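Below is a short briefing on one protein chain, arranged by topic. Please keep the sequence and the structure open while reading.

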Amino acid sequence: KAAAKAAAPKATSKAAATSSAPKKVTVEFIADCPLASTVSIAGTFNNWAVDVDMLKKDKKSGLWTTKIALVPGDYEYKFVCDGKNWDAGDNKIKHV
């Protein structure tokens, strides 16, 4: 029981440290991929994972969108259509 009581203050101090961390900003990403059946975004913010941040298609506009909470900074990314077709050309840069 004494060990459990000793651990409690550590958890409290961690929570205090977290509150001083930079606040995340919600960022919207929009892709125009009319023929795709799925669209995701891969970048430095998700370790270039193609199956983590999926976009949703707006039936009216046909555009794919997602919102991701990011700590302010610069991020490189690309859209990935159907899990394998990456954007052509250089990585896009998003400044948050």
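Buried means under 20% relative accessible area, exposed means over 50%, and partly exposed lies in between, with a 1.4 Å probe and protein chains only. By that rule C33 counts as buried because its relative accessibility is 11%. This is a predicted model, in which local features need pLDDT of at least 70, side-chain atom pairs count only at pLDDT 80 or more, and totals for chains, interfaces and linings use all residues. Residues are numbered from 1 along each chain as its sequence is written, and side-chain values use heavy atoms, with hydrogens and water left out.

**Confidence**

- pLDDT is the predictor's confidence in each residue, from 0 to 100.
- The chain has an average pLDDT of 83, and 80% of the residues score at least 70.

**Cysteines**

- A disulfide is a pair of cysteine sulfur atoms within 2.5 Å, and a search of the whole structure finds 0 of them.
- The cysteine sulfur closest to that of C33 is in C81, at 3.2 Å, which is too far for a bond.
- C81 is buried because its relative accessible area is 13%.

**Nonpolar core**

- A nonpolar core is a set of buried Ala, Val, Leu, Ile, Met, Phe, Trp, Tyr and Cys residues joined through side-chain atoms within 4.5 Å.
- The largest one has 17 residues, and F29, V39, I41, F45, L70 and F79 have the most contacts inside it.
- At least two residues of this core come from each of β1 (25-31), β2 (39-43), β5 (64-70) and β6 (74-81); the largest share, 4 residues, is that of β6.
- Strands here (E, at least two residues) and helices (H or I, at least four) are DSSP runs, numbered from the N terminus.
- Leaving out residues up to four places away in sequence, F29 touches I41, F45, L55, W64, T65, T66, I68, L70, Y77, F79 and K94.

- W64, T66, I68 and L70 form the covered face of β5, while T65, K67 and A69 form the uncovered one.
- Two strands pair if DSSP finds at least two bridges between them.
- β1 and β5 run antiparallel and are joined by 7 bridges; V25 stands opposite L70 in β5.
- β4 (residues 56-57) also runs antiparallel to β5, with 2 bridges, and K56 has T65 of β5 as its bridge partner.
- The hairpin of β4 and β5 has 6 residues between the strands, and G62 there takes a positive phi near 80 degrees.

**The loop at G73**

- G73 lies in the loop between β5 and β6 and counts as partly exposed because its relative accessibility is 22%.
- Not counting residues up to four places away in sequence, G73 touches K94, H95 and V96.
- G73 and V96 are 23 residues apart in sequence, with a C-alpha to C-alpha distance of 5.2 Å.

**Salt bridge**

- A salt bridge is a side-chain nitrogen of Lys or Arg within 4 Å of a carboxyl oxygen of Asp or Glu, and the structure holds 1.
- The side chains of D87 and K92 form it, at 2.6 Å from N to O.
- D87 counts as buried because its relative accessibility is 19%, whereas K92, at 29%, counts as partly exposed.

Definitions and conventions: Contact means heavy atoms within 4.5 Å.
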